[in-house]
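This briefing describes a single protein structure for use in computational work. Please consult the sequence and the three-dimensional view alongside the text.

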Amino acid sequence: MTPSQYFGSARADALAGRRILVIDDDQMVSEVVCRYLRAADFEVNSATDGPSGLQQAEAMRPDLVILDRMLPLLDGIEVCRRIRASWSIPIIMLTALGEEQDRIEGLEAGADDYLTKPFSPRELVLRVQSVLRRTGQENIPEGVMSAGDFTLDLSAHEVRLRGVALVLTGREFDLLAYLIWRPSKVLSREDLLRLVWGWEFGDLSTVTVHVRRLREKIEADPAHPQLLNTVWGVGYRFDPVPTGQGAVPFSPTGPVSSTSPAGPGG
């Protein structure tokens, strides 16, 4: 089958024309991936090693990067770290290493998603579309939401904690936005994988790593979280006020004060 049999002609949705950078030294893999992405109406550039990939990322500022883990001159983990240090571009990592620790290392370096080689080009395109659509926010109401010391502005793509903007990757923003929208609700890893990532199945360690990364940015002591709590055997619960300090109202329209009437609680 050709890519066009899956994706047809030019698409009318908001993803058309998004810029994708493919960094992979395997010419055959790169050519197939680029062909499928172009058939899905993306603009695609490619690079074959780490340094040239970083140069392309700087020059084109892509909307998403597809990054091979094992690259010449500069490996994919280091390229991922350098991209993440400068921009919040979503990154999907490709790896021939199937061990869980190898996948977790990529996620901890800043990757939003990963696929293990060999993979289906169609699945990769669907993953790209899922990341770019920010599936978990499709049903989150527009405007400003507040919960405890957190304020979320979807139109500005910004989350503030006690007035200070947080520096988050695209997927970290999606995850925290969903948690702010559903404060004090226990959500399993399966729930989060489906509602935030848009996957009906997948490696649950993806959620675990993103929760860990998010804790490092919102918790005073990530090793002893008080905001993004683990409910053992069930999942995670976002408490917008540190546990033990009492409940604070939730507002879907703006910041709340300690004297505000209680909201619906999400």
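**Briefing on the predicted model**

Phe238 has a relative accessible area of 0%, so this residue is buried. The structure under discussion is a predicted model. Its protein chain contains nine helices and 13 strands. Of the 266 residues in the protein chain, 49% are buried. Among contacts between residues at least 6 apart in sequence, 61% join residues that are at least 24 apart.

**Aromatic pairs**

- Two aromatic pairs are present in the structure.
- The ring centres of Phe150 and Phe238 lie 5.3 Å apart and the ring planes stand at 70°; because edge-to-face describes planes over 60 degrees apart, this pair is classed as edge-to-face.
- Phe150 belongs to strand β7 (residues 150–153) and Phe238 to strand β12, so the pair ties together parts separated by 88 residues in sequence.
- Phe150 counts as buried because its relative accessibility is 0%, and Phe238 is likewise buried at a relative accessible area of 0%.
- The second pair is formed by Tyr178 and Trp181, whose ring centres are 5.6 Å apart and whose planes are at 75°, so this pair too is edge-to-face.
- Tyr178 and Trp181 both lie in helix α7, three residues apart, which corresponds to about one turn of the helix.
- Tyr178 has a relative accessible area of 8% and is therefore buried; Trp181, with a relative accessible area of 15%, is also buried.

**The three-strand antiparallel sheet**

- Strands in the order β10-β12-β11 form an open sheet of three strands with antiparallel pairing.
- Strands β10 and β11 are at the edges and have a single partner strand each, so one side of each lacks a neighbour in the sheet.
- Strand β11 (residues 228–231) and strand β12 (residues 235–238) run antiparallel and are joined by four bridges.
- Within this pairing, Asn229 stands opposite Arg237 in β12, and Val231 stands opposite Gly235 in β12.
- The hairpin of β11 and β12 has three residues between the strands, and Gly233 in this hairpin takes a positive phi near 80°.
- Strand β10 (residues 186–187) runs antiparallel to β12 and is joined to β12 by two bridges.
- Arg237 in β12 is the bridge partner of Val186; Arg237 also stands opposite Asn229.

**Helices against the three-strand sheet**

- Which strands does α7 lie across? Helix α7 lies across β10, β11 and β12, and runs at about 70° to β12.
- Helix α9 lies across β11 and β12, and runs at about 140° to β11.

**The contact of α7 with α9**

- The axes of helix α7 (residues 170–181) and helix α9 (residues 205–218) come within 10 Å and cross at roughly 80°.
- From α7, the contact is made by Arg171, Glu172, Leu175, Leu176 and Leu179. From α9, the contributing residues are His210, Val211, Arg213, Leu214, Lys217 and Ile218.
- By class, the residues of this contact divide into six nonpolar, one polar and four charged.

**The five-strand parallel sheet**

- A further open sheet has five strands in the order β2-β1-β3-β4-β5, with parallel pairing.
- Its edge strands, β2 (43–47) and β5 (113–116), each pair on one side only.
- On average, neighbouring strands of this sheet are turned by 20° against each other, direction ignored.
- Strand β3 (residues 64–68) and strand β4 (residues 91–95) pair in the parallel sense over four bridges.
- Asp68 stands opposite Leu94 in β4.

Conventions: Residues are numbered from 1 along each chain as its sequence is written. This is a predicted model: local features need pLDDT of at least 70, side-chain atom pairs count only at pLDDT 80 or more; totals for chains, interfaces and linings use all residues. Side-chain values use heavy atoms; hydrogens and water are left out. Axes are lines fitted to C-alpha atoms, for helices over the stretch in contact, and angles run from 0 to 180 degrees between N-to-C directions. Contact means heavy atoms within 4.5 Å. Ala, Val, Leu, Ile, Met, Phe, Trp, Tyr, Cys and Pro count as nonpolar, Asp, Glu, Lys and Arg as charged, and the others, Gly among them, as polar. Two strands pair if DSSP finds at least two bridges between them. Rings of Phe, Tyr and Trp (its six-membered ring) pair if their centres lie within 6.5 Å; planes under 30 degrees apart count as stacked, over 60 as edge-to-face and the rest as tilted. Buried means under 20% relative accessible area, exposed over 50%, partly exposed in between (1.4 Å probe, protein chains only).
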